[in-house]
Amino acid sequence: MDILKELMTYYSENGAYIWTEFYRHFLMSAYGVLFAGIVGIPVGILIARYSKLSPWVISFVNVIQTVPALALLAVLMLVMGLGTNTVILALFLYSLLPIIKNTYTGILGVDKTLKEAGNAMGMTRFQILRMVELPLSLSVIMAGLRTALVIAIGIATIGTFIGAGGLGSIIVRGTNAAEGGAIILAGAIPTALMAVMADFVMGWFERLLSPANSRKLS
Amino acid sequence: MKKRIKLVLVGMMTAFLLSGCSLPGLGGGSANTIKIGTVTTSETQTLGYIQKYMIEHYTDLHAEIVGNLGSSIVMHQAMVNGDVDISAARYTGTDLSGALHMDLVNDPDEAMEIVQREFEEQFDQKWYDTYGFDNTYVLSVRQDVADKDGLEKVSDLESVADKYQFGVDNSWINREGIGYDEFIKEYGFEFNKIYPMQIGLVYSALNSGKMDAVLAYSTDARLKQFNLATLEDDKHFFPPYDASPVATNEVLQEHPEIDEILQKMVGKFDNETIIELNYQADIEKREPSTVAREYLEEHNYFEDN
């Protein structure tokens, strides 16, 4: 009970600070996933088309995923120095696997007969991609972005070790303070909350964009 | 068309990452952002935020905290690389042995003089005069024991030390030049028994009566929390760890007003003040940023002097 009371006092006294760190934390995660989406979705489409490339690309991003987060950050720090950009690059790299893999699976999963129908109607390859393949695989791609964002929010907490701030700084401060249990919770709860919220919102988008719904919308 | 937009975006992103510019929402452009480095301790964080708010109060510049750096060596490296412009607090003893690879010096003024000279020469950085506090080893006893045995200085322990249990930091006992053996040689007495432990435990061990004297850190908030007395190191056995801000000459030349701001802070924080600020952060569990803001508002951002 004591710890709950401490937690409430902490929130009421440091509200503004927590909010800035929360915002910062979210922005770092979102930028990482955004850039990974900008790079990953075209790459996914590309390897779905040229299937010879796919094992190479997929095993490459798989290898990235196996590097421990702290090690990746440390290596990137040597090259890029301290700060938010290094964290964003790390999150970018971690987000590539779910995004590329889901795009690849989504595009391959589109019914061949539909593509052939498009072809028969005289559509160009780009038109088939834009009007058939992408709309039908959009919800799978969104699922990739959703996974990536949730992972990114988790990993962004260790960004504090290279001076990027974020909710991780609150957690680390709690581990350094004597009897800092309440401070650790004060940092961990918003992080978990953000991940759950991101999962929920992205899940909502995913359902909205699924082929069954898009027919209703149009 | 879409591909081209994507290409442009990818290009922009690479440019952002490589140029070291900040993305929207994560701090302003690098030219007008002053980066202040802090390590994990509350006192450097509070001082860092005080600097940040001072800079934002007196100038139009934006200041950003690069926090939770692993050690003062990491901070030093970050300053040399240009990732950090100002160190919130650096300690003479730490930098003598760490960044400069020199031997510790027992005279505080001499130590200060060396770091100021060497940092100017070797790293083109300005080491300011001390804030007014030092975070060094200090011998501490319970207030009632100090009153009863009439203890004020470390030498006063000589007559009673053979009855005292002495709790110390694990890493101190065998430290070369300033360890327990040298302590015995310098002060000429031994404690009854010596108990090495984690530094964080010595305060409660002393408070609960399990120890009669401990070797503590001189700015730890628990000295205030448990109302412990500290004894003057009358033979200057422990090396000085006076704290000062450090800034790169580059940032000072570019923004001379920062020099004035840091000068304003010199000499304004004695040990008592720092313990009070640490107390608010560590024991009352308030964020250093909140503590710093309140302190500055209370002191009117040092505008009067």
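**Figure 1. The helices of chain A in the predicted model.** Helices are DSSP runs of H or I with at least four residues, and strands are runs of E with at least two, both numbered from the N terminus. Counted in this way, chain A of this predicted model has nine helices and zero strands, and its elements, read from the N terminus on, run α-α-α-α-α-α-α-α-α. Taken along the principal axes, the C-alpha atoms of chain A fill a box of roughly 70 × 45 × 20 Å. Of the 218 residues of chain A, 45% count as buried. Among the contacts in chain A with a separation of 6 or more, residues 24 or more positions apart account for 75%.

**Figure 2. Helix α1 of chain A packed against helix α7 of chain A.** Two packed helices are described by the angle between their axes and the distance between the axes. Helix α1 (residues 2-49) of chain A and helix α7 (residues 167-176) of chain A have axes 7 Å apart and pack at an angle of about 125 degrees. Because of this angle, α1(A) is oblique to α7(A). On the side of α1(A), the residues A:Ile18, A:Glu21, A:Phe22 and A:His25 take part, and they meet A:Leu167, A:Ser169 and A:Ile170 in α7(A). Sorted by class, the residues of the contact of α1(A) with α7(A) are four nonpolar, two polar and one charged.

Figure 3. Is A:Met77 buried or exposed? A residue counts as buried if 20 or more other C-beta atoms lie within 10 Å of its own, and A:Met77 is therefore buried, with 20 other C-beta atoms within 10 Å. Not counting residues up to four places away in sequence, A:Met77 touches A:Leu82, A:Thr86 and A:Ile162. The C-alpha atoms of A:Met77 and A:Val87, which are ten residues apart along the chain, are separated by 8.7 Å.

**Figure 4. The largest nonpolar core and another core.** In soluble globular proteins, nonpolar side chains tend to be buried together. In this model the largest nonpolar core has 121 residues, and those with the most contacts inside it are A:Leu91 and A:Ala152. Helix α6 (residues 125-156) of chain A gives the most to this core, with 14 residues, while domain 1 (30-134 + 241-302) and domain 2 (137-231) of chain B each supply at least three residues to this core. Leaving aside its neighbours within four places in sequence, A:Leu91 is in contact with A:Met28, A:Ser29, A:Gly32, A:Val33, A:Ala152, A:Ile155 and A:Ala156.

**Figure 5. The contact between chain A and chain B.** How many residues does the contact take from chain B and from chain A? The contact takes 29 residues from chain A and 27 residues from chain B. Within chain B, the elements α1 (2-19), β2 (62-69), α3 (72-81) and α13 (288-298) each supply at least two residues of the side that touches chain A. By class, this side of chain B has ten nonpolar, ten polar and seven charged residues.

**Figure 6. The two domains of chain B.** Chain B, which has 13 helices and ten strands, is divided into domain 1 (30-134 + 241-302) and domain 2 (137-231). The C-alpha centres of domain 1 of chain B and domain 2 of chain B lie 29 Å apart, and the contact takes twelve residues from domain 1 of chain B and nine residues from domain 2 of chain B. On the side of domain 1 of chain B that touches domain 2 of chain B, the largest share, eight residues, comes from helix α12 (residues 271-283) of chain B. The residues of that side of domain 1 divide into six nonpolar, two polar and four charged.

**Figure 7. Two residues of chain B with positive phi.** The residue B:His101 is found in the loop between α4 (92-97) and α5 (108-123) of chain B, and although B:His101 is not a glycine, it has a positive phi of about 55 degrees. B:His101 counts as exposed because it has 7 C-beta neighbours inside 10 Å. The place of B:Asn300 is in the segment after α13 of chain B, and its phi, near 55 degrees, is a positive value in a residue other than glycine. B:Asn300 is also exposed, with 10 other C-beta atoms within 10 Å.

Note on methods
Residues numbered from 1 in each chain as written. Chains lettered and ligands numbered in written order. Predicted model: local features only at pLDDT ≥ 70, side-chain atom pairs only at ≥ 80, totals over all residues. Contact = placed C-beta atoms within 7 Å. Nonpolar A, V, L, I, M, F, W, Y, C, P; charged D, E, K, R; others polar. Core = buried A, V, L, I, M, F, W, Y, C linked by C-beta atoms within 7 Å. Buried ≥ 20, exposed ≤ 12 C-beta atoms within 10 Å, placed from the backbone. Domains from an automatic or database assignment. Axes fitted to C-alpha atoms, helices over the stretch in contact; angles between N-to-C directions. Parallel < 35°, antiparallel > 145°, perpendicular 65-115°, else oblique.
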